[in-house]
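Here's a quick tour of a protein model.

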Amino acid sequence: MRKYPFRAVTVATKEVGRYRTITSVEEAGDFLAHDWPTQKGTRHLKARIACLDAMERAVAVNTAREAFIDAAKESEIYVGEGELALTASSHSIPIPRLLSMRDLPFPYVTVMTEHVGKERNISSVQEASEFMLHDWPIKHSRKLTAARQACLDALHGKITRTKARQAFIEAAREAEIYIGQKRLSV
């Protein structure tokens, strides 16, 4: 596996009083995907996308690092960076209060999954974001990029969940995984 190193960043882990120092894009991506100790905010998704983009050389390694730091700060698990981070990670520092995230539910959209004959109902902006990140059948497309951005914008309160839902539907149609939707009630 290729390494994409960056200057150390230390974050709190799931275990109270324990910390992890992250030193590469791969470690950051793995921590974001499997070990994130709190609710996942909008910056968490943005950081995951930045890490994937950095490994595909679509963005600079430092862009992924900064996105990781922003996500850690949003979730209040950020401890520090550089040499200070390495020192702080060996000491007991109180873990701050954890933030919860708005999920922004919407009437479900049914899509096909990668498993033949399996369908999935996507019923929130957060769920749509995660599905596009983990289970999307194509890597890049204009509508996929627009839908990802729409979900981030909705989670940040810049657009409505209805607009994010519509962008998700358009991307699903383009990827040929769209099956149907629960109609919006008036």
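## Helix packing and cores

α5 passes α7 in a left-handed crossing, meaning that the near helix is turned anticlockwise from the far one by less than a right angle. On the α5 side, V125, A128, F131 and M132 make the contact, and on the α7 side it's R161, A164 and F168; contact here is heavy atoms within 4.5 Å. The two helices, α5 and α7, pack at about 30°, with axes 10 Å apart. Those axes are lines fitted to C-alpha atoms over the stretch in contact, with angles running from 0 to 180 degrees between N-to-C directions. So α5 counts as roughly parallel to α7, a label for angles under 35 degrees.

A word on ground rules: this is a predicted model, where local features need pLDDT of at least 70, side-chain atom pairs count only at pLDDT 80 or more, and totals for chains, interfaces and linings use all residues. Residues are numbered from 1 along each chain as its sequence is written, and side-chain values use heavy atoms, leaving out hydrogens and water.

Zooming out, the protein has seven helices and six strands, taken as DSSP runs (H or I, at least four residues, for helices; E, at least two, for strands) and numbered from the N terminus. Along the sequence they read β-β-α-α-α-β-α-β-β-α-α-α-β. Of the 186 residues, 44% are buried (under 20% relative accessible area, 1.4 Å probe, protein chains only).

The largest nonpolar core has 24 residues, and V111, V125, W136 and F168 have the most contacts inside it. A core like this is a set of buried Ala, Val, Leu, Ile, Met, Phe, Trp, Tyr and Cys residues joined through side-chain atoms within 4.5 Å.

| Element | Residues |
|---|---|
| β4 | 105-112 |
| α5 | 125-134 |
| α6 | 142-155 |
| α7 | 161-174 |

Leaving aside neighbours within four places in sequence, F168 is in contact with V109, V111, I122, A128, F131, M132, W136 and A147. Apart from this core lies another one, of 23 residues, including V11, A28, L32 and A71.

And H44? That residue is in helix α2 (residues 42-55), and is buried, with a relative accessible area of 3%. Not counting residues up to four places away in sequence, H44 touches L32, W36, A71 and E74.

Notes. Buried < 20%, exposed > 50% of the residue type's maximum accessible area, 1.4 Å probe, protein only. Parallel < 35°, antiparallel > 145°, perpendicular 65-115°, else oblique.
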